[in-house]
Amino acid sequence: MPADVVAELTPTMRSVVERMARAQHTPLWEMTVEQARQAYGVGAGVLEIAKPALARVEDLHIPARDGFQIPARLYAASWDPLQPVLLFTHGGGFTIGSVDTHDTLCRELAHQAGCMVVSVDYRLAPEHRFPTASNDAWDALQWLVAEGMALGADTGRVAVGGDSAGGTLAAVNAILARDAGIDLALQLLIYPGCAAHQDTPSHARYSEGPILTKPMISWMFSNYLRSLADREDWRFAPLLAPDLRGLAPASIHLAQCDSLVDEGVMYADRLRAAGIEVDLHTYAGVAHEFVKMGRALKEARACHAQMARALRAAFD
C-alpha cells in the first residue's frame, strides 16, 4: 500500500492491517472459491465483539421462486410479539460470506435495536451467477412481508439492510419494494456497492487496499457476472436505477479508506436528489470490513450504536 494511504488509517486500523500482512495468508483471489470461503469463514470472527446472548436464535428456510429453500437465521432479543424486523443480506462480493460469517453483527443489531433480524443465506457465485443473489434477496423480502407474522414479526415495520454486496442487495430490495407497493421503514446500507464499473477516484486510490483490493473485487465480480452486459443492470449497480423517488429513508455507513466510499457517497447524493431522507456517516481512518472488527476498532462499535439508533427511530 502507498505510504500516503497507510498514513490515512487510524493507529488501530493500521495495526490491524499490519498484523494481517505479517500473517501472509494467500490472497482470496488466488484460492479456489471453496478455499476462499473457508478462509473467510475462519477469519470472520477474529476481531468481532463477543457474541451477544439473545433469547431467540432460530434457523429456518425461505422458499425461492425456483423451489430452492433459502437458509436463513432469525435473531430476536425477546419473544415479544409483533417486533419490527430487519431483513439482512451479508457481504462477500456475492462469492463468499454466509449467515455464519455475519452472525455476531446480526446478533448485535437485534440486541441494540430491539428488533428481530432475519439474515438470508442467498445462493453464491460462481455456482449461482447474477441475478440469483438479487432474486433470492427479493424472494426473501416478499416472503417475510407475507409470512412474518407467523414468526412474531410486525410486517408493517420492515427494514432492509446489508454490508458491501449485501448492501447492494438491500438497496435493490428497497427499489423493488417501492415498485411492489411495500412500504419499508428503512434501508440500512453499510459500504454498499452501487456502481457499474470500478472507476471512481477511491477505487484508484485504494486499489492496493487496505482489506479490499482491485484484484479481489475483479475476482468476485468475474465469479458473479455472466457477461459485461450484467454490469449495466441496475440490480447489480443501483446507481443506474432510472428513478429513486419514493424509496424508504436511508441510513448509510461508509469507511473513508475504502474503494467503495465514492460510490456510496454518489448513491446518497442521488437519493437526496430524489427527495429521500438520507442519514450518511463516513467513519474516518478505517477500511472496508471495519464494521466486523468491534473488538479492535471503536469506530465499529460507534457504527453499531448508530445503526441501532437509526433502526429504532425508523421503527418508532
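Colleague: Which residue in strand 7 stands opposite Q187?

Modeller: A250 does. Keep in mind that this is a predicted model.

Colleague: What makes strand 6 and strand 7 a pair?

Modeller: Pairing needs at least two bridges. Strand 6 and strand 7 (residues 250-257) are joined by 4 bridges, so they pair. The two strands run parallel.

Colleague: How do you know that strand 5 pairs with strand 6?

Modeller: Use the cut-off of at least two bridges again. Strand 5 (residues 153-163) has 5 bridges to strand 6, so the test is passed. These strands run parallel too. Q187 in strand 6 is the bridge partner of V160.

Colleague: Why is strand 6 called mostly covered?

Modeller: Count its buried residues. In strand 6 (residues 186-190), 5 of its 5 residues are buried.

Colleague: Which residues of strand 6 lie on each side?

Modeller: L186, L188 and I190 are on one side, Q187 and L189 on the other. Both faces are covered. In a regular strand, side chains alternate between the two faces of the sheet.

Colleague: Now the charges. What makes D4 and R205 a salt bridge?

Modeller: Opposite charges can pair when the charged atoms come close. The cut-off is 4 Å. From N to O, D4 and R205 are 3.2 Å apart, so they qualify. D4 lies in helix 1 (residues 3-8) and R205 in helix 7 (residues 201-205), 201 residues apart.

Colleague: Why are D4 and R205 called partly exposed?

Modeller: Buried is under 20%, exposed is over 50%, and partly exposed is in between. D4 has 41% relative accessibility, so it falls in between. R205 has 33%, so it falls there as well.

Colleague: Is R73 buried or exposed? And D59, buried or exposed?

Modeller: R73 is at 14%, under 20%, so R73 is buried. D59 is at 58%, over 50%, so D59 is exposed.

Colleague: What is the N to O distance between R73 and D103?

Modeller: It is 3.0 Å, so R73 and D103 also meet in a salt bridge. D103 sits in helix 4 (residues 103-113), 30 residues from R73. With a relative accessible area of 4%, D103 is buried.

Colleague: Which residues join R73 in one network of salt bridges?

Modeller: K51, D59, D100, D103 and R107 join R73 through shared partners. The count of salt bridges is 21.

Colleague: Last, the rings. Why is the pair Y224 and F236 called tilted?

Modeller: The centres lie 6.4 Å apart, within 6.5 Å, so the rings pair. The planes meet at 40°. Y224 is in helix 8 (residues 214-224), and F236 is in the loop between helix 8 and strand 7.

Colleague: How do you know that both Y224 and F236 are buried?

Modeller: Y224 has a relative accessible area of 0%, and F236 has 3%. Both values are under 20%, so both residues are buried.

Colleague: Which rings link with Y224 and F236 into a cluster?

Modeller: F94, F130 and F221 do. The whole structure has 7 aromatic pairs.

Definitions and conventions:
Residues are numbered from 1 along each chain as its sequence is written. This is a predicted model: local features need pLDDT of at least 70, side-chain atom pairs count only at pLDDT 80 or more; totals for chains, interfaces and linings use all residues. Side-chain values use heavy atoms; hydrogens and water are left out. A salt bridge is a side-chain nitrogen of Lys or Arg within 4 Å of a carboxyl oxygen of Asp or Glu. Buried means under 20% relative accessible area, exposed over 50%, partly exposed in between (1.4 Å probe, protein chains only). Rings of Phe, Tyr and Trp (its six-membered ring) pair if their centres lie within 6.5 Å; planes under 30 degrees apart count as stacked, over 60 as edge-to-face and the rest as tilted.
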